[in-house]
Structures are given as C-alpha cells and as structure tokens.
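This report describes one protein model, from its overall layout down to single residues. Please look over the sequence and the structure before reading on.

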Amino acid sequence: MRDWGFPEAQSHDYGNCGCVEIVPCACSGIFTVSPYHNLVAMLLEAMRTLPGDFETLKSRFVEIVRREVRRENLRERRDQMERARNGNECLRASCLVNDCLARGMSVDEGGARYNHIQPNFLGLSNTVDGLAAVNRLVYESGEYDMPRLLEILDSNFEKDPSLRARIIHRFPHFGTNEPETDALMKWLGEELVAACRGLTAYRNEDPCIPGAFSYKEHSR
C-alpha cells in the first residue's frame, strides 16, 4: 500500500475486502476483484496465433493481456460513471466512509478518500506452468508442433492422455524452486503491473492496482 501512495498510518489500518484484497478502513470506495482476467484463456489465444518461437509467444500473450486490461478498465470506468449518475448504494453507508460527508458526495459519486480499481488476474501459476510446458514441447524439443498441441488441449488430453501425466510429474512447476518457472513468474508479475500502469478509475482518477488469486473461471 505504501508503494501505491497510501500514508503509513493508513497502510497499517486496512481490512480484507473480498478474499485476500486489502483496502484502507473507513475511507474506501475501491472496486476490488473487478474485473476478473483469465490468464490461461489469454495464453491459449496467443498460442492459436501459431508463434514461431517462445519469445514471440510471450510477446503476443502480453499484447493480449494489455488489450484485455485496457478494455475491461474502460468498462469499469463506465460502470463507475453510471453508479455516480444513478447513486446505487445505500446512502447510510456513505455516512460511515471518509470523506463523503466533507465532500457532500456519496461513495458512488466519488466521495470516498480512495477510489482505485483492483482487477484480479486468475491462474498465474497455471499460466507459468503452461508457458514452461509449451516451451519444452514445441520450441526446445520440437516433439510437438503448435497445431498438434492445441488439438490435444482442445480434447482435454483425450487424444494424448500420457502427455498430461508427463506435464504433471516431469515438467517444472512454479512453487517448487524451479529456476525456469521462478523466472517466468517474475516476468509475468512485472508484465501485469506494467499492463495496469497509467490506467485509472473514473472517480477521482485513482490508479488501477493489479491483484491475483484463483478460485473461479476454471472452465472458461
């Protein structure tokens, strides 16, 4: 929170909003876990462009991520604008949120002290593991070409069930101190921060702050 400009005292006085997102107590109009971004779906979209090497795959994946982040940030801003115009929240809640009374504005109108947008990026570890697997299978070993690998993935591994077991048991995974996946996770985290940089909320132009956890959208 200090890195995003919250005062030190406010940074210590936070509460959970959603599951693991944190917001400053009694002064937040922050849109948390909104919107969700399915990173694995974006990786599959990048793979379908049939990139010729691993760096091109990563570049196309980043282009898709940035496109989706920009598009969904615009949608969130429109939602905030509509809520500001229509005043959808209970006004009693605004009486308990600094600085609504001082500004004479409800939370939806932007009266709260902080009004960031916090998008959530789902499937980070799956995306990193997927990148590592594609790199080994397609670009390093040449054992599969991309169309064949996509065909197997689209069948949920029914066309090559042994490949799923190999990926699970023999390939590197994030969280097991594997240099390859650790490096990919560092790269991915930096790219997600960069994708949000410069984007703002509608209310008070507060910044867009990336977050991450997974419990939904596994089937999309």
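Helices (H or I, at least four residues) and strands (E, at least two) are DSSP runs, numbered from the N terminus. The model is predicted: local features need pLDDT of at least 70, side-chain atom pairs count only at pLDDT 80 or more, and totals for chains, interfaces and linings use all residues. Residues are numbered from 1 along each chain as its sequence is written, and side-chain values use heavy atoms, with hydrogens and water left out.

The C-alpha trace of the protein chain spans about 65 × 35 × 30 Å along its principal axes. The protein chain has 220 residues, of which 45% count as buried; buried means under 20% relative accessible area, exposed over 50%, and partly exposed in between (1.4 Å probe, protein chains only). Taking contacts between residues at least 6 apart in sequence, 66% join residues at least 24 apart, where contact means heavy atoms within 4.5 Å.

## Aromatic pairs and charges over rings

There are 3 aromatic pairs in the structure. Rings of Phe, Tyr and Trp (its six-membered ring) pair if their centres lie within 6.5 Å; planes under 30 degrees apart count as stacked, over 60 as edge-to-face and the rest as tilted. The ring planes of Phe6 and Tyr114 stand at 55 degrees, with centres 4.6 Å apart, so this pair is tilted. Phe6 belongs to the segment before α1 (8-12) and Tyr114 to the loop between α5 (100-103) and β4 (120-122), so the pair ties together parts that are 108 residues apart in sequence. Both Phe6 and Tyr114 are buried.

Phe61 and Trp187 form another tilted pair, with 6.4 Å from centre to centre and 40 degrees between the planes. Because Phe61 lies in helix α3 (residues 54-86) and Trp187 in helix α9 (residues 179-196), this pair ties together parts 126 residues apart in sequence. Phe61 counts as buried at 1% relative accessibility, and Trp187 counts as buried at 17%.

The ring of Trp187 also has the charged end of Lys58 over it, 4.8 Å from the ring centre. Likewise, the charged end of Arg136 sits over the ring of Phe171, 5.8 Å from its centre. A charge sits over a ring if NZ of Lys or CZ of Arg is within 6 Å of the ring centre and within 35 degrees of the ring normal.

## Cavities and a pocket

On a 1 Å grid over the protein atoms alone, a cavity is a set of points where a 1.4 Å probe fits but cannot get out, and a pocket is an open set with protein on both sides within 12 Å along at least five of seven lines; lining residues have an atom within 4 Å of a point. Grid points are joined across faces, edges and corners, and a volume is the space filled by probe spheres set on the points. By this rule there are 2 cavities of 30 Å³ or more.

The lining classes are nonpolar (Ala, Val, Leu, Ile, Met, Phe, Trp, Tyr, Cys and Pro), charged (Asp, Glu, Lys and Arg) and polar (the others, Gly among them).

| Space | Volume | Lining by class |
|---|---|---|
| Largest cavity | about 40 Å³ | 6 nonpolar, no polar, 2 charged residues |
| Second largest cavity | about 30 Å³ | 5 nonpolar, 2 polar, 1 charged residues |
| Second largest pocket | about 200 Å³ | 8 nonpolar, 2 polar, 1 charged residues |

The largest cavity is lined by residues including Phe61, Val65, Arg66, Leu188 and Glu191. The elements giving two or more residues to this lining are α3 and α9. Helix α3 also gives the largest share of the lining of the second largest cavity, 3 residues. Among the residues lining that second cavity are Pro35, His37, Glu72 and Cys208. The second largest pocket has Phe6 in its lining, along with others including Met1, Trp4, Glu21, Gln118 and Ala212.

## Two buried residues

Thr32 is found in the loop between β2 (22-24) and β3 (36-38). Thr32 is buried, with a relative accessible area of 13%. Beyond its neighbours within four places in sequence, Thr32 is in contact with Cys17, Glu21, Val23 and Gln118.

Ala132 is part of helix α6 (residues 124-140), and it counts as buried at 1% relative accessibility. Not counting residues up to four places away in sequence, Ala132 touches Pro172, Glu180, Thr181 and Leu184. Ala132 and Tyr114 are 18 residues apart in sequence and 38 Å apart in space, C-alpha to C-alpha.
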